[in-house]
Amino acid sequence: MLGSFHDALAGLAELVGDKHVIASGPDQEPYVTDWRGRYHGRAVAVVKPGSTAEVASVVKYCGARGLAIVPQGGNTGMCGAATPDDRAGNVVIRLDRMRAVRDVSPLANTITVESGCILAEVQDAARAADRCFPLSLGAEGSCQIGGNISTNAGGTAVLRYGPTRDLVLGLEVVLPDGRVFNGLRALRKDNTGYALKQLFIGAEGTLGIVTAAVLKLFAPPRSSALALLKLQGVEQALEIMQRLRGAVGDRLGSLEIMSRSQIEAIAATVPHVTIPFELTTPWYLIVELTDTLAGVDLNEPLAAVLAEAMEVGLAEDAILASNLAQAKAIWAVRHSVSEGNKRSGYVVSHDSVVPLERQAAFVTKVEARINQAVPHARVVMHGHIGDGNIHVVALIDRAHCQDPAATAALVAEINEIVDDETAAQGGAISAEHGIGITNRGRLARVADPFDIELMRGIKQLLDPNGLMNPGKIFSAGAT
């Protein structure tokens with residue numbers, strides 16, 4: 001077996017070059033451990049191809065030898081979808097070297113990029129053409145666009161622009177047998193049969209490896225206004241959202257909510273982030289308006305809605321950002337939630353989405369049930385209130401998580417509470433983080449069996465040998 005793995009290393013090196021293959025050992029650690037340090041696997045090799053042709057060659061090589069393939073972007077995911085398991089025959093394929101911006105078309109409002117491009121690089125390339133690529137999330141300085149596509153990332157601009165799925169026009173994908181699906185078209189209208197690209201968006205690398213994409217661009221925001229509101233509950237946030245939509249329409253770009261406990265966790269563990277407001281209420285809402293016209297005063301309509309909201313008791317207080325620095329300071333708090341939670345203890349995080357009308361009931365019931373079942377857990381919440389996606393996070397002191405079996409039972413208990421309440425409110429257990437390793441058991445428990453049957457059928461069709469990112473979405477070996 002060792003000899004065959006040594007031969008595999010040599011064969012992979014012939015395909016991409018010696019310096020682009022990392023054998024097992026300390027240099028592999030960043031690639032076989034997930035961002036949170038929750039999962040640790042092993043790999044025969046970490047391979048960094050430099051082109052679509054090299055990706056296809058590596059995939060064919062691995063398939064011929066029964067080596068499992070684990071596609072990996074920036075490795076910033078929350079569910080372990082890019083982490084290999086502990087089987088002996090894994091090959092991690094990283095797309096770091098494939099970072100070219102192939103084309104930018106201001107006329108068509110499109111950008112064509114390779115999947116190894118960092119999200120911030122895509123944003124910068126769009127900005128250089130006086131355009132905007134609106135996908136924005138806390139890890140945008142390190143996550144790769146291929147990973148964003150493979151997880152159908154959401155972020156803070158979904159309210160206005162939609163998730164990643166809505167931003168993709170075309171894809172280039174290496175299939176599990178090494179063939180290349182060339183759907184790299186920049187067409188806004190294409191009704192020729194099935195929309196095959198949609199199979200790979202959100203598939204978490206289980207159906208193929210995204211190597212390039214045509215993405216939508218938009219006119220950049222040239223005017224903006226931002227405020228932070230102090231609220232007593234989620235109900236008030238939803239009412240304020242309705243008033244904002246009536247007053248400013250599509251200028252409402254982002255609506256982000258955080259519980260006081262969430263901000264306190266950040267304040268206690270992320271020293272480089274300053275909380276630029278007093279914590280005096282249970283909930284805090286970030287409202288951002290944007291307009292593509294320069295010189296538009298958005299502070300005036302925003303201030304009018306805020307004043308009305310306070311007058312009728314919907315908001316306790318409001319801070320209207322007076323300059324860019326103040327706005328950045330407020331956003332810095334929101335973008336630090338993952339870091340703050342990771343530093344605060346053992347994280348049991350959830351990515352539930354429920355209908356807007358039921359968000360308040362969901363938040364109230366799920367927090368009460370977790371507090372009752374696990375009194376030592378600290379429940380914090382944040383989310384994209386405008387699209388129904390509330391992240392319920394239980395932070396547990398690591399002293400309570402020394403025994404793996406007991407920890408697994410504790411996590412399962414919390415997950416069941418959240419999942420049951422999510423189902424009771426007509427929601428789904430994952431809005432933007434995906435399934436990966438973390439949620440595959442939960443998916444099997446709550447999903448419609450017919451949905452699972454259809455998904456397994458698609459997996460079997462494209463990856464009959466089960467070698468493409470095994471153990472993600474389904475248990476390893478299950479197609």
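Which backbone nitrogen lies 3.5 Å from a polar atom of the side chain of Thr281? The backbone nitrogen is that of Leu231; the points below set this residue pair and other features in context.

1. Basis of the note. The model is predicted: local features need pLDDT of at least 70 and side-chain atom pairs count only at pLDDT 80 or more, while totals for chains, interfaces and linings use all residues. Residues are numbered from 1 along each chain as its sequence is written, and side-chain values use heavy atoms, with hydrogens and water left out.

2. The chain as a whole. The chain contains 16 helices and 16 strands (DSSP runs numbered from the N terminus: H or I of at least four residues for helices, E of at least two for strands). Its C-alpha atoms fill a box of roughly 75 × 60 × 45 Å along the principal axes. Of the 479 residues, 53% are buried (under 20% relative accessible area, with a 1.4 Å probe and protein chains only).

3. Contacts along the chain. Among contacts (heavy atoms within 4.5 Å) with a separation of 6 or more, 73% join residues 24 or more positions apart.

4. Thr281. This residue is found in the loop between helix 9 (260–269) and strand 12 (283–291). Thr281 counts as buried because its relative accessibility is 4%. Leaving aside residues up to four places away in sequence, Thr281 touches Lys230, Leu231, Gln232, Arg260 and Glu316.

5. Asp419. This residue has its place in helix 14 (residues 404–424). Asp419 counts as buried because its relative accessibility is 2%. The side chain of Asp419 makes a polar contact with the side chain of Arg442 at 2.4 Å (a pair of N or O atoms within 3.5 Å; within protein, one must be able to donate a hydrogen and the other to accept it, and residues adjacent in sequence count only if both atoms are side-chain atoms). Not counting residues up to four places away in sequence, Asp419 touches Ile429, Arg442, Arg445 and Val446.

6. A search of the whole structure finds three cavities of 30 Å³ or more (on a 1 Å grid over the protein atoms alone, a cavity is a set of points where a 1.4 Å probe fits but cannot get out; lining residues have an atom within 4 Å of a point). The second largest cavity has a volume of about 50 Å³, the volume being the space filled by probe spheres set on the points. Its lining includes Arg442, together with Arg36, Asp351 and His433, among others.

Terms used
Buried means under 20% relative accessible area, exposed over 50%, partly exposed in between (1.4 Å probe, protein chains only). On a 1 Å grid over the protein atoms alone, a cavity is a set of points where a 1.4 Å probe fits but cannot get out, and a pocket is an open set with protein on both sides within 12 Å along at least five of seven lines; lining residues have an atom within 4 Å of a point.
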